[in-house]
Amino acid sequence: MDNLANLMHGFSVALTTHHLLLMMAGVLLGVLVGVLPGLGAPNGVSLLLPLTFSMDPVSAIILLTSLYWGALFGGSTTSILFNIPGEPSSVATTFDGHPMAKQGRATEALSFAFLSAGFGALAGVILITLLSGWVAKFALRFSSPEYFAVYFMTFASFIGLGGASPLKTIVSMGIGFTLASIGMDSVSGNVRLTYEFDVLLAGVSFLIAVIGLFGIGELLLTMEEGLKFEGVAAKVRIRDVVLTAAKLPRYWLALLRSSLIGIWMGITPGGPTAASFMSYAMAKRSSRNPAKFGKGEPEGVIAPETADHAAGSAAMLPMLALGIPGSATAAVMMGGLMIWGLNPGPTLFTDRPDFVWGLIASMYLGNVVAVVVVLATVPLFASILRIPFSIIGPVIVVICFIGAYTAAGKGFDIWLALIFGLVGYVFKKLDYPIAPLVLAMVIGDKAEDAFRQSMIFSQGSLSIFWSNPLVTTLMAIGLTLLLMPLIGRAALSLRGRATARSD
Amino acid sequence: MITRFWAEIATALATLAFGLVIVNGALEFGIGWDSSGPQPGAFPFYIGGLVALASLGTLVVTATGRFAGSADLPELFLDRDRGLRVLSFLLPLLAFVVLSATLGMYVATILYLVFTMRIQGRYGWLGTLATALGTAAFFYLALEKFFQISLHKGPLEPLLGL
């Protein structure tokens, strides 16, 4: 019941005209960012973050999370109308969403997408409401070795479950960690790894990395594909929305299953993209007529959308309660929290309850605002995509570089963003995962501090990571996740040998 | 043109070099143990080493994949048409960065948008100038006036009294 009272207090913080306006602005900007190629949610948050430095943290986080919701919705809009996913996490929505739009059922597809997305997001937020206090209380028992174990678990699950080559994941993650260690070392006061370059004294900002890797890199890729927008015109009428909403309860099983998948993938760092694909595959496999999938089956829109948004909001739980972001966007927001002088993690719940519960309440409100705003503005944003890419592309380039400069007001950051852009382009083409790099940059210092403090406790012995049941369990889960690909391969070859023998 | 095989090799060599640079840089700060715990170089040293090792691993995997006849390695990483498209976008972008650093970001924005729209996109002068000046003016008002954030400026803005 504690949580409920806290939540009510949160609503009293979030439910002001000022905050509602911020939500609307955030959602609109988010949809814009989600619709435009090359500008995704992580990037949008990075670009907006420098503008929030002078804001009150509660208002700032409401603006940024609303932008995130908007971006998720915007990504679905382009998937359905243009067959172009505005966000990686809405790729699975194109499979059935675009065929539906081409059959003249664009409104139905969009309404299904937005309403089920809203459902998924609410499922994620309800989970956060119920669990976050408990997780935070549990995490208060953590000291440095446990924290290091949790960080280890996070990165192990990237390597083991990420789907990319484990070696490439390690490279990308390691680059993130080393970039985080450039500049002033908070423990010893040494200036590390700058190779006498003054511009590196302050370190490399994760904001620049995100803008380069996600923004410029994505634009180069878009340019290479030479894509053309050929959209389906859509006008959303209230009547159609209501009719679609009435059909939604029929898909209760898909909604529920997809929410669960999304929540799980959001809490573990699988992220929204993996969640939406997994949910689509599950829906297809368990459907009575899987042949209809890919040809305009509403369940093929509902499943990935629900999971995508459930994962997006559930990713906030580990960020708030443990200080570990569940997605690249959450990583950027967590970086923002630290810049605003907040310390994400269990102590945040006791130190700044108004912030935590204001944020959670704003998630309920923000998603409702997002569904309404996005339904009302579909035609507007669809028309933005009719502007040729040869105009939009360069304007996005300008926005990215201006954003990179405003992050710290350093001219060098423009060059750095360019380098990150080229790296992002090559990495994406060669299937190096980028999210682990960003996550490692944001939590790199904390992971290093946790490791060094553990070492000081134990006088340099690694056995501290097996010294009590809690830390042992965490490390064991981490190791299992890390070795997952090997275990899977061994199981496969064993089974292969067994069948070979029985033949 | 460049095949995926060579792109993989070049990237792995680059990340290997990055790892080694970090390892070398970390050695300067000591990677052992002193009175205050692990020395500052220890963590970067091991992470840099990990990056180098994983890069070596990618090199080996790529090389063996080539001999085993892996399907996607001989594929083109970038063919002529795609390469030209990327370059036609990348070169003006480079010019924009250089101009931003020398002439300031507002002037660079205007010149860059005029070039991409007028020369590359073949739009009329009116639309081009309206877009370029409009974008620069929007950022000027939003950042300098509303958010009080100043962008990098060159020698031209003071002449206009901005």
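User: How many helices and strands are there in chain B?
Analyst: This is a predicted model, in which local features need pLDDT of at least 70, side-chain atom pairs count only at pLDDT 80 or more, and totals for chains, interfaces and linings use all residues. Residues are numbered from 1 along each chain as its sequence is written, while chains are lettered from A and ligands numbered from 1 in the order in which they are written. With helices (H or I, at least four residues) and strands (E, at least two) taken as DSSP runs numbered from the N terminus, the pattern along the sequence of chain B is β-α-β-β-α-β-α-α-α-α. Chain B therefore holds six helices and four strands.

User: What distance separates the centres of domain 1 and domain 2 of chain B?
Analyst: An automatic or database domain assignment gives the bounds, dividing chain B into domain 1 (2–78) and domain 2 (80–155). Taken over C-alpha atoms, the centres of these two domains of chain B are separated by 36 Å.

User: Which helix supplies the largest share of the side of chain A that touches chain B?
Analyst: Counting two residues as in contact if their C-beta atoms, placed from the backbone, lie within 7 Å, the contact takes 45 residues from chain A and 51 residues from chain B. Among the helices of chain A that each supply at least two residues to this side are H7 (166–181), H8 (206–225) and H17 (389–408). The largest share, 11 residues, comes from H17(A).
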